[in-house]
Amino acid sequence: MAKKVLVGMSGGVDSTVTTKLLLDAGYDVEGVYMKLHNKPGYHEENFKRVQHVANYLGIKASILDLSKDFEEAVYKPFIESYRAGYTPNPCANCNRQIKFGKMLEYADKVGADYLATGHYVRHDGKYILVAKDENKDQSYFLFDIDKSIIPRLIFPLGEWRKEDVKAYASKIDALKNFATQKESSEICFVETTYVDILKEHMNVDMPGEVLDINGNVIGHHKGYMHYTIGKRRGFFVKGAHEPHYVKEIKPETNQIVVTTQDTLLAKKIMIERLNMIDERKSFSCDVKIRYRTKRIKCRVEVDEKKNCVIYLDEPVYGVAVGQAAVFYEGEKLLGGGWIIGSE
Ligand SMILES: Nc1ncnc2c1ncn2[C@@H]1O[C@H](COP(=O)(O)OP(=O)(O)OP(=O)(O)O)[C@@H](O)[C@H]1O
């Protein structure tokens, strides 16, 4: 009997082509659309597209309402993180707790052997591997998933290039509209900027002082939540001739500390809540400290509490508390953790 796969269908081109590829590979396929947040009209629109694909392919697709779980596990921590002056990473959180947490529980409920998504990543049964299409690679956001579930995951697009996925959909009459539809936003519940989301919950416009690294007041800003570490615009510095960047955010006093690029460099990064595929304690590898940054060579020292210190071979700009540091060795994702400081 064919093995059963539950596939996460979002109504986008990636999960649509994923679903078709799974059927072509001979799996018994069932789809699920997760309701995650409350953008008005958003789910109706998406589920209409999911249902269209399911009808065309002759599979069952249901709606799973995870909006409460999403709010607690992803949305609220996102808001609280900015309130605390950090830079959150909601997608990594969602992958651990929702997509590869709650959706996997649902896969068990419907008796599926596997769970599939349209993420651009691969795996070898033990390690998550970067996608063939390195420009689309989403492994960074998967560093925190529970490693024991990796053998149950299927990522059909890991070997694909995005343009080939679109070209594939455009050749099928019933799916060709999916090839041209607008790309989804980077964070699914953020339509414009994160500040607009924060504004729904609190007052973010509250002018405050800009300090230099010695604590002198050198200018003013719009409210600390408008800024993330490394940001260079949107605040005023008296008589500045060279660009200044945000080095530190002080929520208690609504102040930001800015500096020129040279003093923003970090060579050492402190990490908590490590999630590693294997149990190495001291190793050399590459690290990414944000999604869209290049890898840097480093040495990692792990302690007994699953915290670690990263010693970078070359200094980097813009290390932000709340972001993920993700370790790689060649195409293998070794794991990663959450940034709590740097120096
Ligand atoms: N609301 C949802 N319900 C079910 N599965 C989802 C949902 N959102 C995302 N997924 C799954 O997670 C994968 C990666 O999500 P991401 O938000 O990165 O989508 P994407 O790259 O825009 O893909 P797509 O084109 O399928 O929307 C999707 O391809 C899909 O399999």
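Trainee: What classes of residue make up the shell around the ligand?
Mentor: Seven are nonpolar, eight polar and two charged. Here Ala, Val, Leu, Ile, Met, Phe, Trp, Tyr, Cys and Pro count as nonpolar, Asp, Glu, Lys and Arg as charged, and the others, Gly among them, as polar.

Trainee: Which are closest?
Mentor: G8, G12, D14, S15 and G118, out of 17 surrounding residues. A residue is near a molecule if its C-beta atom, placed from the backbone, lies within 6 Å. This is a predicted model: local features need pLDDT of at least 70, side-chain atom pairs need 80 or more, and totals for chains, interfaces and linings use all residues. Numbering runs from 1 along each chain as its sequence is written.

Trainee: Which elements supply at least two shell residues each?
Mentor: α1 (13–24) and β2 (28–35). Both are DSSP runs, numbered from the N terminus: helices are H or I, at least four residues, and strands are E, at least two.

Trainee: What is the strand order in the open sheet?
Mentor: β3-β2-β1-β4-β7, five strands with parallel pairing. Strands pair if DSSP finds at least two bridges between them.

Trainee: Why do β3 and β7 each have a side without a neighbour?
Mentor: β3 (60–65) and β7 (153–154) are at the edges, each with a single partner strand, so one side of each has no neighbour in the sheet.

Trainee: How many bridges join β1 to β2?
Mentor: Five, and the two run parallel. In one of the pairs, V7 partners G31 of β2.
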